[in-house]
Amino acid sequence: MAETIEAEHVFIEQTFVFPATKRTTTTSLPLTFLDLPFAGPKYVERQFFYKFPHPTNHFHQTTLPSIKHSLSLTLQYFFPLVGNLHCPPPPHKPFILCTQNDALTLTVIESSADFNNLSSNHHPKSVTDFNHLVPKLTQKIDLDDNDTLIFSLMALQVSFFPNHGICIAISYCHVMDDYFCNYFMKSWSFIHKKCELVDMKSLPCFDRQILKDPKGLENILLKGYFEQRKTWKNRFLLPSQTIEEEHQDYVKTTIIFTKEEIEGMKRWILKKWKTNYHEIEAPKFLSSFVVTCAFVWATMVKTINRNNNDDDEKDEYFCFVGDCRERLGYQIPDGYFGNCLTLCFAIVKRKDVKGKYGFVNTVKAIQDAITKMKNDPLEDAEKWDAMFKKVFMSGNHLLVSGSPKFNVYETDFEFGNPIKVEMMMHSSKDISLAESGDKKGGLEVGLISKAEELEHLYSLIEQGIDALKL
């Protein structure tokens, strides 16, 4: 059972960091058709915890000035990130605007919270324990510009735990995807280690003509965007205290699956596949993503519906995004800024998840969705909006964020590799996925839930892992 940590958080400063090279022009970047499903108040929050056994004066005199300087150097390559997302009312399209007066907000605090507790995987923590570590993005309504909604693209925060550690946290609008965020963080950490301007191996690419839209998807996805936009004003009015109160009873935990456990899952699944789906050829390869997500999905469905047998004919949905960068038939630069993602949905009847071979069925559903995505990543893009509404209205869904491909534990700011990387979630319907920070070849899954459900989930996971060994 998690207990909320009562700790003092001393605000040190909130500063504006400008790109090292002062720009004299205004840059406007339209969103692409693949950005539209992710536009608006859809944020991603990630925290990097580092050991830092130094006193306060060392942090203020050496580390903090270096962090600011390296950030300024980095931003001259990534200058649109200091700008804002502008969402005017229909029929106008959303766009990113970056002026010579724009800067990135960097918040610095000193915390007396238990750093070792926050950065460990040993036990659940209250979701509210992390709230003070997350930088806040600004959002406003420009009444002078026809009620245009404006969102800052990114904000950063450095939280210092004297003699123990540092947490570097990023919040960003999803008009850039996780791939680009990872690219930014790795670039910043590299420049910080060198303490000077360095030649980037590949520069960020802000060319809006990179993505091609041969199917005319922009007009279809733009309609869905305008429908979503109608709901955003109400979110502006929702007090942050209300959101925090919703999380009071929730705990956050990280479940680590070792390489041996994952390989055991693969062997078990392929054996059972030949028994259950003998008419369908077993896949030659199952990824760690597929078997780990399928195992967690099946276990969570069984946990949530353990006392409910009345709605077993309902569909359960697993939602994830697929990286399109190598699947569109033309080259996408490594440093491309924006979303290059497709939406994927795996569907299984609840009774088929709760049954004896629920794990096999969830694996097959996710594997089928990935195969479909690989064959044509934009095949059902015109149905994304309708599918999203159906899935989220049902309430029977699980959404995964993150990827082990990002190697987030290699983001070294000269403090060594992070000892913990957290991705914040705001719903028990969300999970995060990353490579394991301390077990090579393993994966870690982050989730939030009610404490009583978590105990049952742990029990089912242990039983499931033991069963795979037989």
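Guide: Let's start with a pair: methionine 154 has tyrosine 172 in β11 as its bridge partner. The model is predicted, so local features need pLDDT of at least 70 and side-chain atom pairs 80 or more, while totals for chains, interfaces and linings use all residues. Residues count from 1 along each chain as its sequence is written, and side-chain values use heavy atoms, without hydrogens and water.

Visitor: How do you know that β10 and β11 pair?

Guide: Strands pair if DSSP finds at least two bridges between them. β10 and β11 have eight, in the antiparallel sense, so they count as paired. Strands themselves are DSSP runs of E, at least two residues, and helices are runs of H or I, at least four, numbered from the N terminus.

Visitor: What makes β1 and β16 edge strands?

Guide: The open sheet runs β1-β6-β10-β11-β3-β16, with mixed pairing. β1 and β16 each have a single partner strand, so one side of each lacks a neighbour in the sheet.

Visitor: Which strands of the sheet does α1 touch?

Guide: α1 packs on the sheet against β1, β6, β10 and β11; contact means heavy atoms within 4.5 Å.

Visitor: Why is the link between aspartate 177 and arginine 325 called a salt bridge?

Guide: The term asks for a side-chain nitrogen of Lys or Arg within 4 Å of a carboxyl oxygen of Asp or Glu. Here the N to O distance is 3.2 Å, so the pair qualifies. Aspartate 177 sits in the loop between β11 and α3, and arginine 325 in the loop between β13 and β14, so the bridge ties together parts 148 residues apart in sequence.

Visitor: Are aspartate 177 and arginine 325 buried or exposed?

Guide: Both are buried, meaning under 20% relative accessible area; exposed is over 50%, and partly exposed lies in between (1.4 Å probe, protein chains only).

Visitor: What makes aspartate 380 partly exposed?

Guide: Its relative accessibility is 23%, so aspartate 380 gets that label. Lysine 372, at 40%, is partly exposed too. Aspartate 380 and lysine 372 form a salt bridge, with their closest N and O atoms 2.5 Å apart.

Visitor: And how many salt bridges does the structure hold?

Guide: There are 19. Another of them joins aspartate 35 and arginine 208, at 3.4 Å from N to O.

Terms used. Axes fitted to C-alpha atoms, helices over the stretch in contact; angles between N-to-C directions.
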